[in-house]
Amino acid sequence: METWDAITSRRNVRSFEDRPIPDDALARILEAGWRSPSSRNEQRWDLVVVTERERLQALSKVWRSAGHIGTSAATVALCAPDRPDSDGSIHYDLGQQTMLMLLAAADLGIGSGHASVGDQDLAREILGLPSDHLCAWLVAFGYPADRPLTPVRRPSRRPFDDVVHREAW
């Protein structure tokens, strides 16, 4: 798939087929996250990939809207140090990392859907995180159950000219 096709085909997927992601495809998604840029190249994040069904189902309990985590083929937990971030750059770094993994997945025809984490203690227990780290986000991956990824012709978006301002607001 071309980059533009991956961008226009990517959508949030919450219903997955019951089939695994090949190891080489999962490795590519994880490498996209690993290659992600970070503020001052600090690379303060870690990734925990989960494919074990029982653990995925347990992870789906860390947030009220994370049921899709339990049915994914794989979920990646984006983890970061649990300490104040003076400039907020870790959030930007994790966003970049997430988007690169989402695009890598879309390029392979693999769907994705993110989830927040409300119960940090449960996430730490399931993932075996050190006490000085938190699970910032979860990203589920799998083959879409409803329809394959294809370019979305009419995305549900605010009008382009209402969003894009040139030179000034």
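The accessible surface of the protein chain comes to about 10200 Å², and carbon and sulfur atoms hold 50% of that area. Keep in mind as you read that this is a predicted model. Of the chain's 169 residues, 41% count as buried. The notes below go from the overall fold to the charges, and then to a network of salt bridges around Arg40 and Arg44.

**Fold and overall shape**

- The protein chain contains six helices and four strands.
- Following the sequence, these elements come in the order α-α-β-α-β-α-β-α-β-α.
- The radius of gyration is 17 Å, close to the 15 Å that the globule rule gives for 169 residues, so the chain is as compact as a globular protein of that length.
- Along the principal axes, the C-alpha atoms fill a box of roughly 45 × 40 × 30 Å.
- Among contacts with a separation of 6 or more, 79% are between residues 24 or more positions apart.

**Charges across the chain**

- Side chains of opposite charge can pair when their charged atoms come close.
- Here, the count of salt bridges comes to 13.

- The side chains of Glu17 and Arg19 meet in a salt bridge, with an N to O distance of 2.8 Å.
- Glu17 has a relative accessible area of 33%, so this residue is partly exposed.
- Arg19 is also partly exposed, because its relative accessibility is 40%.

**Linking two loops: Asp87 with Arg40**

- Asp87 forms a salt bridge with Arg40, and their closest N and O atoms are 3.5 Å apart.
- Asp87 lies in the loop between strand S2 (74-81) and helix H4 (89-107), while Arg40 lies in the loop between helix H2 (23-34) and strand S1 (46-50), so the pair ties together parts that are 47 residues apart in sequence.
- How exposed are the two partners? Asp87 is partly exposed, at 43% relative accessible area, and Arg40 is exposed, at 57%.

- Arg44 forms a salt bridge with Asp85, where the closest N and O atoms are 3.3 Å apart.
- Arg44 sits in the loop between H2 and S1 and Asp85 in the loop between S2 and H4, so this pair ties together parts that are 41 residues apart in sequence.
- Is Arg44 buried or exposed? With a relative accessible area of 13%, Arg44 falls under the 20% cut-off and is therefore buried.
- Asp85, at 23% relative accessibility, counts as partly exposed.

**The network**

- Which residues do salt bridges with shared partners join into one network? They are Arg40, Glu42, Arg44, Asp85, Asp87 and Asp93.
- The Asp87 and Arg40 pair and the Arg44 and Asp85 pair described above have their residues in this network.

- Ser89 lies in helix H4.
- The relative accessible area of Ser89 is 10%, so this serine is buried.
- Leaving aside residues up to four places away in sequence, Ser89 touches Ser39, Arg40 and Arg44.

Notes
Residues numbered from 1 in each chain as written. Predicted model: local features only at pLDDT ≥ 70, side-chain atom pairs only at ≥ 80, totals over all residues. Heavy atoms only, no water. Rg over C-alpha atoms; globule rule 2.2 N^0.38 Å. Buried < 20%, exposed > 50% of the residue type's maximum accessible area, 1.4 Å probe, protein only. Contact = heavy atoms within 4.5 Å. Areas by Shrake-Rupley, 256 points an atom, 1.4 Å probe, with all protein chains shown as cover. Salt bridge = Lys/Arg side-chain N within 4 Å of Asp/Glu carboxyl O.
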